[in-house]
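Dear colleague,

I am passing on the structure below, and after it you will find notes on what was found in it. Please read them with the coordinates open beside you.

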Amino acid sequence: MAKSTLTATSEYTQALSTSERETPAPSAPDSGVRLNGHIFIYSLAIVLALATASECHSITHLPSLIYGAVLWGWWGCIASIIWKFGQRVPFASSFSTKTISIQIFVGLTIGVVHLLLLGSLGFTVTGWQAHTTAFSIWTSHFNINRFGIELLIYGFVFGITGIVQYQIRAQRDAMKSLELQKQLSAAHLRALQMQLEPHFLFNTLNAITTLVELGRSKEAAEMLSHLNAILKSTLQRTTPEKIPLSQELETMENYLAIEQVRFADRLRIEIKVDPGALDGLVPCFLLQPIVENAIRHGIANCENEGLVEASARRDGHTLHLRVRDSGPGLSGHSQNGHGIGLRNTRERLTHFYRDEYAMKAQPLDTGGFEVSIAIPYERN
């Protein structure tokens, strides 16, 4: 059986043999720093208590220090309770009408208790019995202005706590949503790849079966050898990923070797690759389904020798890939999606590059069909 000619630049052959075969391992994610709300609350309460003691007399003056501790230590405890309760029961730190009504009642109660607690400090003064009554001491801080301040402080504590916890919950929900989208996207991408590989495998096994039935055992064994190389490289990847163009070309060449066994002298292949493009990353199994379409819908319909030409070049920050055949053009290709391979290729390119890619699949004026892809150049 005559062998078809495989032409490529010498630079491509040399660069392919020396190109890197391993992709770098992903780096470990940075550990996040979580804010401890209780530490922040009590630290702020201590600062405010010392500032109040200094304003009254001095931080070394025990009565002033006790007053500052009771004044702001109380609110530190209240804020800590609200923070903890809001973490366990998100409804408690929400801003619904029902919650605000409950918080107004709670704020009134807490304000009364706090004012009674501050008034009780009067019992620490020596000889208080000679100047006033116990009731007067208990109610010494009760006035409309002071009670209003208590309500304002409680409202401020509740509002700030609710806002901070709302932001934390929103950020956590956003992270969960992004993680879910990532998992769904990976599952979808894996489904696309699994749709491609069985399609290719089915066609190849059919060809091998035909060769065996015709008694062409040598060609069948050669085809199985190339199929083994393709499956080995595929099974090494547990999830869809980008691989260097050099590895993708290696997979494509194994596939073309399989097709050359089938078509013999009817298939001629030309591969032209810019050596500077070999280390660029491309989605795995990107070129094989395109070449398969070119052979299946183009070369298979040629009465004489057919040509499949593949090229890759780098132009600045863009990687250009092109596959063309000398088949009958659009009449040999499906007009809606151009088959499973090209339709899935578009979806996978959209997954990886969003709107930053271009793909054209069109007949040529000179005859044949061409698929061209432009993607961002990413160095391996």
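Helices (H or I, at least four residues) and strands (E, at least two) are taken here as DSSP runs, numbered from the N terminus. On that basis the protein chain has ten helices and eight strands. Please bear in mind that this is a predicted model, in which local features need pLDDT of at least 70 and side-chain atom pairs count only at pLDDT 80 or more, whereas totals for chains, interfaces and linings use all residues. Residues are numbered from 1 along each chain as its sequence is written, and side-chain values use heavy atoms, with hydrogens and water left out.

For the chain as a whole, 41% of the 380 residues count as buried, where buried means under 20% relative accessible area, exposed over 50%, and partly exposed in between (1.4 Å probe, protein chains only). Contact means heavy atoms within 4.5 Å, and among contacts between residues at least 6 apart in sequence, 76% join residues at least 24 apart.

Helix H2 covers residues 37-56, and its 20 residues reach 29 Å from the first C-alpha to the last, close to the 28 Å expected at 1.5 Å a residue; the expected span is 1.5 Å times one less than the number of residues. Gly37, Ile41, Ala45, Ala49, Thr52 and Ala53 are the buried residues in H2. Seen down the axis of H2, these buried residues fall within an arc of 130°, so they line one face of the helix, the arc being that of the directions from the helix axis to the C-beta atoms. An α-helix has 3.6 residues a turn, so residues three or four places apart point the same way. Ile39, Phe40, Ile46 and Val47 are exposed on the other side of H2, while the cover over its buried residues includes helix H3 (62-88).

H2 and H3 pack at an angle of about 160°, with their axes 8 Å apart; axes are lines fitted to C-alpha atoms, for helices over the stretch in contact, and angles run from 0 to 180 degrees between N-to-C directions. The two helices H2 and H3 are therefore roughly antiparallel to each other (angles under 35 degrees count as roughly parallel, over 145 as roughly antiparallel, 65 to 115 as roughly perpendicular and the rest as oblique). H3 also packs with helix H4 (residues 97-119), at an angle of about 155° and with the axes 10 Å apart, which makes H3 roughly antiparallel to H4.

Where H3 and H4 meet, the residues from H3 are Tyr67, Val70, Leu71, Trp74, Trp75 and Ile78, and those from H4 are Ile110, Val113, His114, Leu117 and Leu118. Leu117 counts as partly exposed, at 34% relative accessibility. Leaving aside neighbours within four places in sequence, Leu117 is in contact with Val70 and Trp74, and its C-alpha atom is separated by 9.0 Å from that of Leu71, 46 residues apart along the chain.

Helix H8 (residues 245-263) reaches 26 Å from its first C-alpha to its last, close to the 27 Å expected for its 19 residues. Of these 19 residues, 16 are buried, so H8 is largely enclosed by the rest of the structure.

Finally, two backbone angles may interest you. Most residues other than glycine have a negative phi. Ala264, which follows H8, has a positive phi near 55°, and Arg354 has a positive phi of about 55° although it is not a glycine. Arg354 lies in the loop between helix H10 (339-353) and strand S7 (358-363), and counts as exposed at 64% relative accessibility.

With best regards
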